[in-house]
Amino acid sequence: MYLRRFCFFLLMALLALSPASADESSPRLLLLLTIDQGRGDYLERFRPALTGGLSWLMDQGVVFTDAHHAHAHTVTAAGHAALSTGRHPAGSGMVGNNFYDRSEGRWVYSVEDLAFEVLMPEGADGSSPGRSPARLLATGLADWIQSDSPDSKVYSVGGKDRASILMGGKNADTAYWYDFPTGHWVTSNYYTSSYPAWVQNFQRERRVESYFGTTWSPLPVSETLLSRMEIDPASGSFSRAFGRASLYPNPRYYNAVFYSPFLETFLFDFAKRIVTEEALGTDDAIDVLALSFASVDTVGHGYGPNSRELLDTFLRLDRALGEFFRFLEKTIGLDRVVVSLSADHGVAPVPEYRASQGLSGARRSAADYVCVQRAGQAFEKTFGDDDWFVQPYHFNYETLGRRNLSRATVESALKAELARCPNIAQVWTRTEIEAAGASSRVDPQLELFVHSFHPERSPDLYVVEKEFLVGTLRGTTHGSPYEYDTHVLALVRWPGAQPRSVSERIHTVDLPVTLASLLGVTTPTDVDGVDRSKFIR
Ligand SMILES: [Zn+2]
């Protein structure tokens, strides 16, 4: 508690020394922060142990305690695109991290772009397929800002390429992401033909290697606090090395950094350099810096939302963010910085932890796999052996045409077979989703699927397993339409605005629309989000 007060005092003292005076306070920097897998309960649950940037944001900002994604397939690309474009996946086209594209006849990665290549850092061999926002079908907040204010600069950095690229919108100056094999921040020649000299210098510094030969152990937290924050008592202290026995940093080491909170320390090192080298926030055209933190997701998948590992990752992000805010206070002045913070999706609790609390929950079992296989067999028994699918849950329309069968007929037949499986709670078909899209009153879950659906990029059937059923062998995951996956943290810090907590339900697509409204930026007419600026003004 003492440390928390001290940090707060230090920040307040710095604020008093701010170079910019309060009366000329038009914002100069918009900081778009996204915590991958930042579930809706984390800020409040971990608040007793927060002393840094997240604590400061909670004290300074408007916190939305009931913010949800309004789409069903809750994954990274879909969530970041909603936060960037104010459109559901149906409009952004980001229906998944990967999706089968019927027009191309193949699975594609959401941000792959074979017309480009990743710019290899000096000394790295080989080539890597390019990345770009080409498959993003809508513009984002950063684009709207640039379109009203062409001098505005837009930079994005994230552990994951899709997070960074999608937050940067269609026309970012550069989006950077972490390259696991080399441990560098890289980009694609979609953005620039070569690295600026300062990036090359940064790459030569090899700051990522500073964790080599050290271990990750958790920051001290009292037993009382751990229990108050619902940290599993079985998840005790730990000490983890980065990578295996190696005499020098190798790809395995760089990969291990990606799966640790230290990815973010390294990210902030780079982000600070962007601020100074690209001269962000130095003139009246507001600049955008998007930072996407992947480690809460990578650690959350491995250990779950009630683990000491996840808590420690969150606390280290809080501390590193506080340090970054102190840097921004010195360079730009925090009274000129607008901050939004949200997340691309939540996460399911670990089933074993649920069980320890006497609550229901399970892992997908052999019986669940067999049940789906038998549904496929039963379908073939009814309709005969044929080339029915181009991909699982994507019918082969040529076969249907040759057999003179309507898509609705085979969809409902397969749905009936799948519905026999005890752990399948619901199956939605393309026919149902398309009909619901045209109707005004639909089942709330079906509406989430309408928002997740794109005709060229979505399957013909969506299978929804039971709540609290986790499909991984260990740890946990996300991607469902249930509240633990849709509920995310959300806050906006507008300099001078009254800090408050808003319990009214909002959607993540509202955030970019709200920020545009606050900034006086023109929003496209076809956004799905609603302007919530009345809570902030
Ligand atoms: Zn994830």
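This is a predicted model: local features need pLDDT of at least 70, side-chain atom pairs count only at pLDDT 80 or more; totals for chains, interfaces and linings use all residues.
User: Then at what angle do α18 and α19 cross?
Analyst: Helix α18, residues 430-437, and helix α19, residues 444-452, have axes that cross at roughly 95° and come within 9 Å. Because angles of 65 to 115 degrees count as roughly perpendicular, α18 is roughly perpendicular to α19.

User: Which residues meet there?
Analyst: On the α18 side they are E432, I433, A436 and G437, and these meet L446, F449 and V450 of α19. Sorted by class, this contact has five nonpolar residues, one polar and one charged.

User: Changing topic, what coordinates the zinc ion?
Analyst: The zinc ion is coordinated by two OD atoms of D297, by NE2 of H301 and by NE2 of H478, at 2.1 to 2.7 Å.

User: What makes the arrangement of donor atoms irregular?
Analyst: The four donor atoms subtend angles of 53 to 159° around the zinc ion, and the arrangement is therefore irregular.

User: How are the donor residues spaced in sequence?
Analyst: The spacing is D-x3-H-x176-H. D297 and H301 both belong to helix α12, residues 295-303; because they are four residues apart in this helix, about one helical turn separates them.

User: What about α12 and α13, are they parallel or antiparallel?
Analyst: The axes of α12 and helix α13, residues 308-331, cross at roughly 170° and come within 8 Å. The two helices are therefore roughly antiparallel to each other.

User: Which residues form that contact?
Analyst: From α12, residues S295, V296, V299, G300 and Y303 meet E309, L310, T313, F314 and L317 of α13. Six of the residues in this contact are nonpolar, three are polar and one is charged.

User: One more pair: how do α4 and α7 cross?
Analyst: Helix α4, residues 76-85, and helix α7, residues 161-168, have axes that come within 8 Å and cross at roughly 20°. That angle makes α4 roughly parallel to α7. The crossing is right-handed.

User: And which residues make the contact?
Analyst: T76, A77, H80, A81, L83 and S84 of α4 make the contact with R162, A163, L166 and M167 of α7. By class, six of these residues are nonpolar, three polar and one charged.

Technical notes: Residues are numbered from 1 along each chain as its sequence is written. Side-chain values use heavy atoms; hydrogens and water are left out. Axes are lines fitted to C-alpha atoms, for helices over the stretch in contact, and angles run from 0 to 180 degrees between N-to-C directions. Angles under 35 degrees count as roughly parallel, over 145 as roughly antiparallel, 65 to 115 as roughly perpendicular and the rest as oblique. A crossing is left-handed if the near helix is turned anticlockwise from the far one by less than a right angle, and right-handed if clockwise. Contact means heavy atoms within 4.5 Å. Ala, Val, Leu, Ile, Met, Phe, Trp, Tyr, Cys and Pro count as nonpolar, Asp, Glu, Lys and Arg as charged, and the others, Gly among them, as polar. Donors are N, O and S atoms within 2.8 Å of the metal (3.2 Å for Na, K and Ca); water is not among the atoms, so sites may look incomplete. Four donors count as tetrahedral if all angles lie between 85 and 135 degrees; four count as square planar and six as octahedral if opposite donors are over 155 degrees apart and all others between 65 and 115; anything else is irregular.
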